[in-house]
Amino acid sequence: MVVTMPLRDILSYGGKRTNPFESWQSAPKIKPIISGRMREAILDSFPFRENRDAKSYPAALIIALGETGEKTLRLISGKIAQSNVPGEPNLRGLLIKEAPSSLTSEEWSIRVLELQSPSTLIIPKVALNAKRFSAVALFQQVLNYRRYQEWLKESLLDLGNGTQVFFVGCLDEPVSGILGELLQILRNFPEYMGKPGLLSHVVALLSLQSSSVNSLPKQEVFAAYREIGRFTFPGPHRMNFSYGGKQVVFSALLDGLFILEDSFDKKPASEETAEQILADSLFTLIHPSAQKIWENLNVDMAASGRIRHDYHQTVVHSAGIATLHVPISPIKRYLAARLATAAIIGERTNVDEGIVSLKKTTNGGNPQITARRLLTDGPYVHPVFYWILDASSPAYFDIVPNLDQEFVAAFQSQISHSLVRALNQIPADISHLCSSLEWLENHLAHCMNWFHASKPQNANAPERFACQYALTKWHDNVQDVSKDLHAWMQLLFPSPAGESSLREAPVVADWRELVNPSDWKKDRGNDIVQAKNLSSALNSYRKDAEKLLKAGVKDRICRSVAVDSSEDVNEMESFYTESIRPELSRFMNDSKSLFLRIRDRLEWWIRMIPDGNPQLYLVCWPAEAYLGPEPPTEYCFKVDQAANFVDAVYALAFSQTKGIESELTGAWFRRRVNLFVDFLRRAGDAYIRYDQNLASLINNSASRRSYLISRDQTVNRDLVPFVFSETPRSEINELDQGEPSRVTAVSFRLNVPFDTVMFFQDIRHDYVDKSPEKLHLYPQEQTAVNYEKRIWKLDRTRVLLSPDFISMLADQSLVTIFCQGLINNIISPVQDKTGRNLLWAVTSLENFPVLELAPVAGDGLLIAFKRFVLDLPSETDITQNPHEHFHPSRRMQYLNLVRNYAKENAASPEAHNYRDKIKDEFQYWKKRGEQNDLARSFYVILQCELDEPIWKDW
């Protein structure tokens with residue numbers, strides 16, 4: 001009889017089986033992965049020359065109106081951001097619009113005053129057709145004008161005495177109607193604050209045509225200009241509304257009025273030419289280098305006062321301006337995009353220089369050998385890793401080691417350390433590593449199957465449960481890190497069309513949409529958002545920067561020198577390969593340090609998690625960050641944060657371009673400027689069309705001054721003969737305190753008379769053929785129009801009363817009362833107290849004594865008129881003497897007496913004698929009016945009143 005025994009009993013005969021794992025040491029203690037290629041605290045950059053001699057911005061307020069003002073402020077903010085002027089600008093900006101605006105600036109303080117809001121209502125007013133009135137009605141509400149007053153007070157207290165004030169906008173926009181209100185409040189502030197030297201000068205820069213859909217009719221543009229032109233004459237200016245200050249301003253409201261006309265053809269490329277003209281002109285005037293310009297302009301504006309006094313015309317100034325500049329920000333963006341691309345994937349196909357190779361597959365060898373190396377080379381080598389790698393069949397797992405929890409952590413640590421070390425080689429052979437991890441993952445899956453198929457002596461032994469758990473965790477660890485690396489590879493090296501990727505990674509498909517775009521990408525195109533991989537995204541950043549560089553060619557006012565045409569960026573390519581990465585154009589052993597400093601702050605890193613799977617990250621250390629042993633969470637990017645990683649690398653590269661400014665504004669800039677001298681020539685023509693022959697007849701006005709502004713005296717000296725070749729040398733000024741990145745040519749046309757401006761000549765007939773009294777916001781112009789229409793009916797003469805005379809017409813009733821009093825002998829010459837001189841005076845009426853007005857000689861009657869209709873009613877101390885004729889308590893009584901007595905005389909038999917008596921005076925003013933606009937204006941109202949009183953309530 002044959003006795004059979006189980007195999008395990010035979011093998012155990014004579015004693016227990018030998019355990020091959022008894023001599024193993026315990027699992028190695030794990031340590032976190034130490035990060036960082038370098039140990040420098042701060043990245044270096046190009047040497048940067050700080051401009052220590054530059055002056056700060058002089059104190060200035062910029063008050064912008066409407067859409068044109070908003071666009072102008074945006075452009076100025078960009079120029080200030082690129083400015084080389086040290087310190088915080090002494091500038092305050094205010095945008096006033098009816099519609100909402102999101103305008104902000106990090107470089108200087110800008111506020112927005114939105115006139116139309118839920119808490120404001122439009123107040124209708126009868127008999128006015130002016131589109132501008134809605135903005136005025138909104139501003140006159142307490143909520144709005146007090147916000148303006150509070151901003152003024154706060155800003156002027158901050159800036160102190162000698163503050164410049166600039167108003168910028170467009171006459172063609174309805175919001176321009178509030179300019180008078182703004183000026184009235186501003187001019188009352190020095191007295192209110194007890195600081196007479198608070199304001200240096202108040203200037204308006206206005207364009208004539210707007211792209212706004214809510215632009216004004218031509219006739220109202222003309223009406224707006226008449227009103228603003230009057231603001232340049234000395235007061236008193238009586239306003240419609242009191243804002244807690246005086247209703248009468250006794251000085252000019254504006255010291256200077258600049259009209260900047262967009263004379264270019266309206267093409268898509270020049271849609272914002274008017275705003276660019278305003279922005280460049282204003283930036284030139286507020287820049288510290290403008291000190292000499294203002295010394296001259298103050299003289300010129302004083303000359304404007306003499307012309308206004310002698311010729312009784314509004315005079316305006318204009319400018320022609322052209323700037324060649326280095327677009328620092330777009331160039332930095334271009335260079336940053338190039339450097340970011342180079343640091344990640346490299347730029348040379350024959351040299352591996354980025355953190356990954358340009359080539360998708362390399363000769364990394366057998367993936368199995370690399371997989372074994374991942375587990376057997378490193379700080380945590382242990383026999384268990386050789387044991388698992390040698391597994392080849394189910395029988396291999398009949399006897400297994402006792403793998404406690406520490407072996408799970410040791411495996412994770414070993415694979416993580418080895419993988420990070422391999423990935424951080426320059427370049428990382430990601431494709432080969434993916435294949436190696438895939439082999440290891442598959443091998444561990446086989447091991448798990450072999451384990452389940454094995455025939456252990458005791459299937460329920462504790463070590464088998466521990467081994468099964470360890471195998472599962474090891475497989476999960478490898479599977480997760482392999483999945484992440486495959487996903488990164490898909491982002492870095494997208495599969496060609498029709499070719500399947502090594503591993504599907506659904507998370508990659510819409511990775512750009514997983515996060516909100518950073519601030520620096522807000523103005524970028526959709527091509528970046530649509531990018532499906534890092535390479536195409538980085539290329540999109542570069543293409544976007546190239547678009548900005550090419551756009552600078554089309555700018556008609558401020559041309560970039562970075563590119564030669566809108567078709568290529570060859571010059572930037574040359575600058576990059578010669579100055580930033582010369583190894584691309586020359587035989588060099590090493591890359592330039594700037595590229596290396598960026599690349600060395602990029603690395604792969606794995607965070608090991610207890611009882612969890614390792615997490616694979618790409619790390620980007622910001623330039624200002626200290627390279628510690630473990631990167632903070634905000635510097636680490638998983639595959640679903642690839643967009644943030646691209647942003648971070650770009651930001652790192654951009655931070656390293658600051659020092660490039662010194663190279664861009666040096667010899668390279670001078671060489672480029674010489675190529676575009678013809679562009680600067682266009683500054684010789686001012687942006688205003690006027691009749692130069694007619695202007696020359698008026699005191700040889702419309703003079704010019706020209707300036708060439710840069711940082712380099714040598715540049716100025718070389719360029720002046722070419723830029724201003726037709727300008728007398730005595731009219732050219734060279735200023736050398738400008739921006740290092742700009743060369744600006746500017747020529748001013750000064751004291752251009754109103755009648756010579758062709759734009760207003762062209763639209764004048766649209767104005768006079770309408771009902772212009774309903775287009776005006778102020779009673780002065782409304783009264784003037786009444787007389788202009790009457791004189792046309794009387795003798796078919798088209799007359800526009802002079803602005804300085806219109807200032808006297810604030811009250812139609814006073815004008816008619818004076819004229820009728822004169823015609824009807826209530827106002828007549830009387831002897832003064834000495835009996836030797838004659839005075840124009842209002843005769844004594846009941847309890848009102850004689851009111852002496854002015855001497856009879858010369859222009860005495862006009863002086864008497866001004867005193868009666870403007871000066872006496874506007875006196876600052878009128879309320880202090882209750883016996884004054886125009887004291888508020890007696891004014892109506894007195895004027896009614898003058899009116900009633902004049903009416904009685906007009907109805908008396910002596911009426912014809914009264915008119916004959918004044919006939920010589922009328923003839924005098926008619927004769928004077930042939931040579932003098934002010935005298936002609938006075939004669940017009942006398943003639944009209946002689947025909948019939950104009951005041952409808954007479």
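Arg111 is partly exposed, at 35% relative accessibility (buried means under 20% relative accessible area, exposed over 50%, partly exposed in between, with a 1.4 Å probe and protein chains only). Its side chain meets that of Glu154 in a salt bridge, 2.5 Å from N to O. A salt bridge here is a side-chain nitrogen of Lys or Arg within 4 Å of a carboxyl oxygen of Asp or Glu. This is a predicted model: local features need pLDDT of at least 70, side-chain atom pairs count only at pLDDT 80 or more, and totals for chains, interfaces and linings use all residues. Residues are numbered from 1 along each chain as its sequence is written, and side-chain values use heavy atoms, with hydrogens and water left out.

**Salt bridges**

- The count comes to 43 salt bridges.
- Arg111 lies in strand E3 and Glu154 in helix H4 (residues 142-159), so their pair ties together parts that are 43 residues apart in sequence. Helices (H or I, at least four residues) and strands (E, at least two) are DSSP runs, numbered from the N terminus.
- Glu154 is partly exposed, with a relative accessible area of 37%.
- Glu191 and Lys246 form a salt bridge through their side chains, at 2.9 Å from N to O. Glu191 sits in helix H5 (residues 179-193) and Lys246 in the loop between strand E6 (237-238) and strand E7 (248-249), so the pair ties together parts that are 55 residues apart in sequence.
- Glu191 is exposed, at 56% relative accessible area. Lys246 is partly exposed, at 33% relative accessibility.
- The side chains of Asp859 and Arg928 meet in a salt bridge at 2.3 Å, N to O. Asp859 is in the loop between strand E19 (851-855) and helix H29 (860-874), and Arg928 is in helix H31 (residues 911-929), so this pair ties together parts that are 69 residues apart in sequence.
- Asp859 is partly exposed, with a relative accessible area of 29%. Arg928 is also partly exposed, at 24% relative accessibility.
- One network, joined by salt bridges that share partners, holds Arg338, Glu347, Glu353, Arg542, Lys543, Glu546, Glu573, Arg581 and Glu583.

- In strand E2 (residues 91-97), seven of its seven residues are buried.
- In a regular strand the side chains alternate between the two faces of the sheet.
- On one side of E2 are Leu91, Gly93, Leu95 and Lys97, on the other Arg92, Leu94 and Ile96, and all are buried.
- Strand E1 (residues 60-65) pairs with E2 in the parallel sense over six bridges. Two strands pair if DSSP finds at least two bridges between them.
- Arg92 in E2 is the bridge partner of Leu61.
- Strand E3 (residues 109-114) runs parallel to E2, joined by six bridges. There, Arg92 stands opposite Ser109 in E3.

**Helix H2**

- Helix H2 (residues 66-81) has 16 residues and reaches 22 Å from its first C-alpha to its last, close to the 22 Å expected at 1.5 Å a residue. The expected span is 1.5 Å times one less than the number of residues.
- Buried residues of H2 include Gly66, Leu73, Ile76 and Ile80. Glu70 and Lys79 are also among them.

**Cysteines**

- The count comes to zero disulfides (a disulfide is a pair of cysteine sulfur atoms within 2.5 Å).
- Cys467 is in no disulfide; its nearest cysteine sulfur, that of Cys447, is 9.0 Å away. Cys467 is buried, at 0% relative accessibility.
- Cys944 is in no disulfide either, with the nearest cysteine sulfur, that of Cys819, 9.3 Å away. Cys944 is buried, with a relative accessible area of 0%.
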